[in-house]
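Dear colleague,

I am passing on the structure we spoke about, and below it you will find my notes. Please read them alongside the sequence and the coordinates.

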Amino acid sequence: MSIANLFGAMPGACAQGLIWGIMAIGVFITFKILDLADLTVDGTMATGGAVCVVLMIKGAPVWLALLCAILAGMLAGFVTGIFHTVMGIPAILAGILTQLGLYSINLRILGGANLAISVDKYPLLISLRFINKTLLITCIIILLLIGVLYWFFGTELGSGIRATGSNPKMASAQGININVNKILGLMLSNGIVAFASGLYAQYQGFADVNAGRGAIVIGLAAVIIGEVIFGKIFRNFALRLLGVAFGAVIYYLVLQVVLWLGLNANDLKLLSAIVVAIFLAAPVLLEKMRIKRSYSEGGND
């Protein structure tokens with residue numbers, strides 16, 4: 001593949017990265033704000049697309065289809081929250097249970113393994129056939145989403161969710177219902193993920209029951225890459241969310257370059273795991289190097 005082909009593929013990689021950046025913002029809410037490992041997203045990332053595509057094929061306008069996708073994702077987050085808070089199931093296992101259940105539900109929604117939708121027949125919001133329009137719309141959506149989340153997490157309810165993730169015992173001592181906040185946080189997170197799923201299904205032109213397989217890895221990769229690269233300069237909450245979206249774009253650009261270098265596409269999951277591991281380990285390793293250097297300088301003095 002030539003350099004021209006590589007640069008020609010970059011807009012598509014950016015568009016895909018921006019869509020997954022929306023999904024990563026949802027992961028950020030549970031992973032960084034609530035301090036929960038939520039694996040529900042692997043199921044929700046297929047559910048949102050399935051609901052959106054089915055409703056649009058049945059004649060629903062795109063905004064209604066996306067709204068229903070969000071509600072479906074929020075319902076999945078609610079189920080995970082009930083498993084975790086009411087039934088006492090650890091968050092990671094609660095997410096796995098919901099994810100497994102969603103696979104069968106997604107098959108029933110789609111009526112099969114996948115369902116196609118054409119931009120020629122339906123008024124899709126975005127499509128891989130119109131990359132410039134997709135880039136513009138996804139950028140606007142991300143900015144609006146960040147603005148809404150910045151406002152929400154500054155409210156009393158949003159601050160309560162942040163307090164629940166930061167210090168559950170202290171939040172509970174202050175009269176905050178941490179179980180309700182965990183459920184709300186999971187609902188918000190999975191609603192955003194399902195929204196990204198609806199957009200992604202439109203972008204690629206079909207909904208697939210396996211669309212969310214490995215989604216948590218991509219989401220975590222985007223979050224970690226954003227934190228590592230932009231953490232020092234993006235300290236404001238809204239800018240941290242923007243950094244997460246940029247992290248997803250960087251992730252897909254890296255994948256595009258690696259594919260251009262000749263990596264087998266079947267090895268992408270392995271590459272994803274390696275990328276996440278590297279960026280997870282980087283802050284710890286850099287901190288150890290800094291401490292070792294400071295001790296060394298102190299010893300020389």
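**What was found**

Ser294 lies in helix α11, which covers residues 268-300, and please keep in mind throughout that the model is predicted. Ser294 and Ala50 are separated by 244 residues in sequence, and their C-alpha atoms are 54 Å apart in space.

Ala50 also belongs to the lining of the largest cavity. The count comes to one cavity of 30 Å³ or more, and the volume of the largest cavity is about 40 Å³. Its lining includes Met45, Ala46 and Gly49, along with Ser197, Tyr200, Phe206 and Asp208. At least two lining residues come from each of α2 (41-57), α8 (178-204) and β2 (206-208). By residue type, the lining of the largest cavity divides into eight nonpolar, three polar and one charged.

The remaining notes concern Thr134, which is placed in helix α5 (residues 131-152). Is Thr134 buried or exposed? Thr134 is buried, because its relative accessible area of 0% falls under the 20% limit. Leaving aside residues up to four places away in sequence, Thr134 touches Ala15, Ile126, Ser127 and Tyr203.

With best wishes

Notes: Residues numbered from 1 in each chain as written. Predicted model: local features only at pLDDT ≥ 70, side-chain atom pairs only at ≥ 80, totals over all residues. Heavy atoms only, no water. 1 Å grid on protein atoms, 1.4 Å probe; cavity = no way out; pocket = protein on both sides within 12 Å on 5 of 7 lines; lining within 4 Å. Points joined across faces, edges and corners; volume = space filled by probe spheres on them. Helix = DSSP H or I, 4+ residues; strand = E, 2+ residues; numbered from the N terminus. Nonpolar A, V, L, I, M, F, W, Y, C, P; charged D, E, K, R; others polar. Buried < 20%, exposed > 50% of the residue type's maximum accessible area, 1.4 Å probe, protein only. Contact = heavy atoms within 4.5 Å.
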